[in-house]
Amino acid sequence: NVFDGSCRFFRGKRSDGNWETPFNPYEAGRSYTEASAWQYRFFVPHDVNGMIQLFGGEEQFLQDLDSLFSTTSVVETSLSDITGLIGQYAQGNEPSHHVAYLYNYAGQPWKAQYWLRQVMDRMYTPGPDGYCGDEDNGQTSAWYVFSALGFYPVCPGTDEYVVGAPLFKKATLHLENGNSLIIHATDNNKKNMYIQTMNLNGTEYKKNYLRHEDLLKGGNINFQMGSQPNLNRGTEEESFPYSFSKVLKKIR
């Protein structure tokens, strides 16, 4: 109802059902909360596949997702919430926090790995200005903790965490059920930001998501990292995370 296929943005409508005009995606206005059309362009976390179809398919979606990070960082209306910009990706507020992970839903997970590492390295520092924006009830920190471990809950309400790229060589989670989950990425460094292979408890793992029940069992996740993207891992549809429209299709 609010997706304009002519420009592939979500837009506000007037009470008569027509689009609110003029439309400038770089301008934060009343149609968007704490953001502009750019930050809300990809905000359908419960049905990324359905959103991809609105965009015209994976190829067009990926082009538009790339453009989010490469377009100008100019914001034409002063709004303190739009901060921490890479292009129009705004790490300083929640509407952008899931966006880099969306490459996992369209067959290019290595781009998620690249941009997540860029955000972690560039937007979080140990100084007094180390956070690029709004630490809203801990969300900016929660994003970093999850992303540094190598996965993130893109769609709360599902049992899936979408795989990103771990930041550390080793991290251990002591779970409340008494189990421990150990995440290894021994060859991880600033250049080796791309997942080459991933193993869950000794078995090769090709999906772009992890299930909550598997994490609660504890054990080991092993990432082999490299300086060049693996263009073959996570590219098949069966590796993609949850999307509502896919589940609905199966039910029907």
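Residues are numbered from 1 along each chain as its sequence is written. In this predicted model, local features need pLDDT of at least 70, side-chain atom pairs count only at pLDDT 80 or more, totals for chains, interfaces and linings use all residues, and side-chain values use heavy atoms, with hydrogens and water left out.

Q: In what order do the three strands of the open sheet stand?
A: Strands here are DSSP runs of E, at least two residues, and helices are runs of H or I, at least four, numbered from the N terminus. Two strands pair if DSSP finds at least two bridges between them. The pairing in this open sheet is antiparallel, and the order is 5-6-11.

Q: Which are the edge strands of that sheet?
A: An edge strand here pairs on one side only. That holds for strand 5 (151–152) and strand 11 (209–211).

Q: Which residue in strand 11 is the bridge partner of Val162?
A: Strand 6 covers residues 160–163 and runs antiparallel to strand 11. Three bridges join the two. The partner of Val162 is Tyr209.

Q: How many bridges join strand 7 to strand 8?
A: Strand 7 spans residues 170–174, strand 8 spans residues 180–184, and they run antiparallel. Leu173 has Leu181 as its bridge partner, and Thr172 stands opposite Ile182. The number of bridges is five.

Q: Which residue takes a positive phi in the hairpin of strand 7 and strand 8?
A: The hairpin has five residues between the strands. The phi in question is near 95 degrees, and the residue is Gly178.

Q: Do strand 8 and strand 12 run parallel or antiparallel?
A: Strand 12 covers residues 219–226, and four bridges join strand 8 to it. His184 stands opposite Asn222 in strand 12. The two strands run parallel.

Q: What is the relative accessible area of Asp16?
A: Asp16 lies in the loop between strand 2 (9–10) and helix 1 (48–55). Buried means under 20% relative accessible area, exposed over 50%, partly exposed in between (1.4 Å probe, protein chains only). Asp16 is partly exposed, because its value is 48%.
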